[in-house]
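Welcome! Here is a short briefing to read alongside the sequence and the 3D view.

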Amino acid sequence: MSDESSDFKPSPDTRLALGQLQMVLPEGGLLIDAESLRPYECDGLSAYRRLPLAVALPETVDQVQGVMRICHRLGIPVVARGAGTGLSGGALPLENGILLSLARFNRIVEIDAANRRARVQPGVRNLAISEAVAPLGLYYAPDPSSQIACSIGGNVAENSGGVHCLKYGLTVHNVQQVEMITAEGEQLLLGGGGLDGPGYDLLALVTGSEGLLGVITEVTVKLLPRPAHVSVLLAAFDDIEAAGNAVAGIIAAGIVPAGLEMMDNPSIRAAEDFVHAGYPVDATAILLCELDGSEAEVAAQVEQVSALLQRAGAGEVRTASDTDERQRFWAGRKAAFPAVGRISPDYYCMDGTIPRHRLAEILSRIANLSDEYGLRVANVFHAGDGNLHPLILYDANRPGELERAEQLGARILEASVEVGGSITGEHGVGIEKIDQMCVQFNSDELAQFHAVKAAFDTKGILNPGKAVPTLHRCAELGAMHVHKGELPFPELERF
Amino acid sequence: MEAALNEAEQRLAEAVHAAHVAARPLRLLGSGSKSFYGNPVEGDDFPLTLPTDSIRHQPSELVVTVGAGTRLADLETVLAEGGQMLPFEPPHFGPRASVGGLVACGFSGPARPFSGSARDHLLGCRIINGSGRILHFGGEVMKNVAGYDISRLMCASLGTLGVILEASFKVLPIPAAQHTLRRPMDAKQALLEIATLTRSPLPLSAAAHYAGHLYLRVSGSESGVQAAVTEIGGETLEDGIQFWSDLREQRLAFFDGERPLWRLSVPPASALPDLPGDWLLDWAGAQRWLRSSADATQIRAATEAVGGHATLFRGGDDSLNVFHPLPDNLLALHRRVKQSFDPAGILNRGALYP
Ligand SMILES: Cc1cc2nc3c(=O)[nH]c(=O)nc-3n(C[C@H](O)[C@H](O)[C@H](O)COP(=O)(O)OP(=O)(O)OC[C@H]3O[C@@H](n4cnc5c(N)ncnc54)[C@H](O)[C@@H]3O)c2cc1C
């Protein structure tokens with residue numbers, strides 16, 4: 001991954017711009033000295049760092065509009081930032097741009113139990129919503145592992161998922177309305193007060209758009225009643241393929257678990273060393289299967305799934321019924337990233353999705369690639385919905401290792417696309433996977449993306465250089481994927 | 001089958017391209033089952049002749065990929081043979097309903113508030129955009145955040161952004177058991193009751209109020225449904241399946257006659273607007289049908305007051321924009337989005353917003 005955003009060269013009079021921004025922002029709302037900019041130099045993809053021209057910390061929607069109007073007029077790029085936990089460099093600042101932090105938008109505006117929804121500002125942490133509505137017996141379903149830190153605005157921008165999205169959906173399924181400020185500083189409401197809005201489904205379009213279509217200033221989320229009963233099963237396998245077949249077997253039996261996760265041996269060991277969850281460290285893979293519903297229903301399903309797992313070849317099946325044990329089972333999975341962080345100086349988290357029946361094949365290809373590049377890989381897998389997180393272990397202090405890790409990662413993503421999957425299931429493209437976009441989409445499709453972007457942001461000031469590569473970039477990479485070797489309608493102009 | 005599909009698709013793409021070059025507007029014609037819906041379209045009739053038998057169901061992946069020309073009834077039969085279903089219970093409005101129309105109109109049935117909508121289950125699609133290019137967005141995997149989510153944008157876009165060729169949906173197992181309960185009460189009471197019930201973890205799969213009764217459906221495992229039926233209480237409706245399908249297909253007596261039919265999409269617990277006419281509440285209160293000859297302005301103002309929007313679904317004044325007017329800046333954005341897919345404005349011009 002090299003960086004394209006540095007191609008963006010507006011020529012504003014920066015002093016003039018900063019002076020104008022100062023006027024619309026509150027006291028202390030504009031940071032310009034290097035020391036105060038430092039905390040904003042990267043997001044969760046920390047191999048990439050850059051200082052912005054300035055950081056804007058607005059407190060009101062008016063102020064966000066003011067910032068956008070100034071930047072739009074002067075052609076200054078704007079990168080929105082939530083909590084900065086993104087893993088694809090989406091919130092990486094641009095040198096000549098403003099980093100617009102939504103951190104001060106941290107209020108839960110309204111909890112509406114009768115309509116099972118909450119209206120929150122974008123800087124509110126994901127977990128804070130569920131905590132606030134817990135006394136009402138409600139919760140917000142999408143639960144990324146980063147939920148103690150990540151913001152709901154960032155979740156919308158990335159269409160984040162969590163371990164429960166097999167049954168309860170991704171962010172896009174759990175958001176009803178957003179208020180957004182456009183590149184020009186206009187305020188829009190997308191979605192509706194009910195379950196849909198009038199006109200095009202721009203809410204769906206904006207969800208997952210990585211800060212390229214607008215700045216989200218308020219989010220109305222859907223709330224669900226807490227399930228009455230929850231059980232978690234842990235099954236150990238000495239064969240990956242058998243574990244994969246067990247997943248297919250559960251689904252084929254008509255059961256949709258609340259969560260269905262797989263970890264391979266390196267991840268199991270790392271997690272066990274870190275949180276002592278009691279995982280079987282000799283297993284080739286473990287499956288965690290959460291079932292929820294009424295007491296009778298859960299009891300019946302636990303029995304059915306245990307039998308299924310055993311028939312699929314599980315050496316051992318454990319059941320956690322009380323909260324403590326359940327949390328222990330999940331603790332290892334939820335801490336998998338930091339756990340792997342302890343066994344290697346650095347790790348690089350990939351995020352491909354695959355059709356589930358290709359799992360064994362992908363894992364053996366990853367194992368071969370791991371040998372080829374001489375780097376260890378630990379795998380964590382949202383098995384229920386085919387979202388694989390290979391964690392590539394490397395040491396940034398060894399010359400060339402980061403580059404090797406990136407090349408290995410790119411090969412894994414290309415293999416995911418080859419088997420009918422996607423280069424990213426939930427972490428977004430950002431700057432990280434911008435080159436792999438050229439593999440997943442052809443030039444016409446990329447052109448359509450750019451046209452959509454232009455419909456929202458004619459000047460291209462919102463997060464330029466991220467998420468969607470230019471056709472020029474893909475052509476230079478030689479990765480442009482052209483159907484049947486020719487461009488359709490060659491007489492038409494392209495951009 | 002694959003070859004036939006490609007050939008038919010290529011032919012359509014070339015025709016769209018020719019119309020784009022000539023700036024000749026096209027009126028896309030699917031099976032016609034939902035042609036009553038939307039604003040009048042300008043343009044030459046453009047029949048979407050696509051193969052009618054393209055279904056690729058992968059039960060263990062919970063995915064089906066289906067050609068737009070395929071009949072919805074055929075799709076549902078194939079899914080049912082594999083023990084699965086489209087969880088959003090799309091209305092057919094006639095035996096010829098096609099998958100293309102399902103996506104273009106984006107309708108969802110009574111399960112919507114509990115299982116999600118058509119767009120929620122759409123994983124990917126192939127389209128021809130307004131310049132005649134065949135494009136593929138999304139895919140057959142549950143999670144995919146590469147590029148903008150253009151597939152979901154196609155849902156309910158009424159063919160104004162592209163010709164839908166093929167779509168992939170997330171499907172789910174047909175629940176093992178289902179039970180419908182009924183209790184007499186008025187609409188106001190029903191909304192309160194629904195608000196209470198939906199706050200507890202019951203396996204509800206539909207809730208409606210019609211002709212003096214609250215109707216509730218629970219679905220799931222045998223034991224789960226039994227437990228819920230006992231907890232909720234009420235009279236068991238023996239032909240529950242028939243009731244929900246009559247509601248979905250608008251075959252209940254409420255839908256007879258010529259009075260304009262309005263669809264109000266509102267927060268589910270919001271108060272019943274004070275409007276003349278008859279009500280039927282579906283989607284646990286979030287989709288409200290109103291038979292009323294009241295003035296459109298009055299209906300829209302009352303709906304907007306509770307944060308919703310109102311669509312003239314069937315009948316009424318021909319000269320009226322059937323869709324809820326948008327604020328100026330949002331309408332301008334709609335026009336730019338339309339233009340980004342269809343620069344010459346040839347696809348179903350006028351269907352959504354004039
Ligand atoms: C340990 C760890 C575990 C993780 N686990 C998961 C997981 O299980 N599932 C998952 O999906 N992700 C996971 N992530 C990734 C990350 O947490 C999510 O992508 C999250 O949604 C990012 O939120 P944020 O507030 O940190 O956004 P940021 O990183 O600040 O920003 C992310 C992107 O969103 C844009 N953005 C942020 N706020 C706004 C706004 N208000 N308006 C417009 N654009 C905005 C930014 O420009 C950027 O492109 C994990 C990350 C870490 C570090």
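This is a predicted model: local features need pLDDT of at least 70, side-chain atom pairs count only at pLDDT 80 or more; totals for chains, interfaces and linings use all residues.

Residues are numbered from 1 along each chain as its sequence is written, chains are lettered from A in the order in which they are written, and side-chain values use heavy atoms, leaving out hydrogens and water.

**Where the chains meet**
- On the chain B side, 71 residues are in contact (heavy atoms within 4.5 Å) with 88 residues of chain A.
- About 6500 Å² is buried between the two chains, and carbon and sulfur atoms give 60% of it; buried area is the accessible area (1.4 Å probe) that two parts lose on being put together, summed over both.
- Within chain B, the residues losing the most area to chain A are B:Lys143, B:Val145 and B:Tyr148, together 15% of what that side buries.

**Salt bridges**
- Four salt bridges are counted between chain B and chain A, each a side-chain nitrogen of Lys or Arg within 4 Å of a carboxyl oxygen of Asp or Glu.
- B:Arg263 pairs with A:Asp196 in a salt bridge, with the closest N and O atoms 2.6 Å apart.

**Confidence**
- The predictor gives the complex an ipTM of 0.97 and a pTM of 0.95.
- Chain A has an average pLDDT (the predictor's confidence in each residue, from 0 to 100) of 92, and 94% of its residues score at least 70.
- In residues 1-10 of chain A the pLDDT is below 50, and this stretch has 29 contacts in the model beyond near neighbours in sequence.
- For chain B the average pLDDT is 96, with 99% of the residues scoring at least 70.
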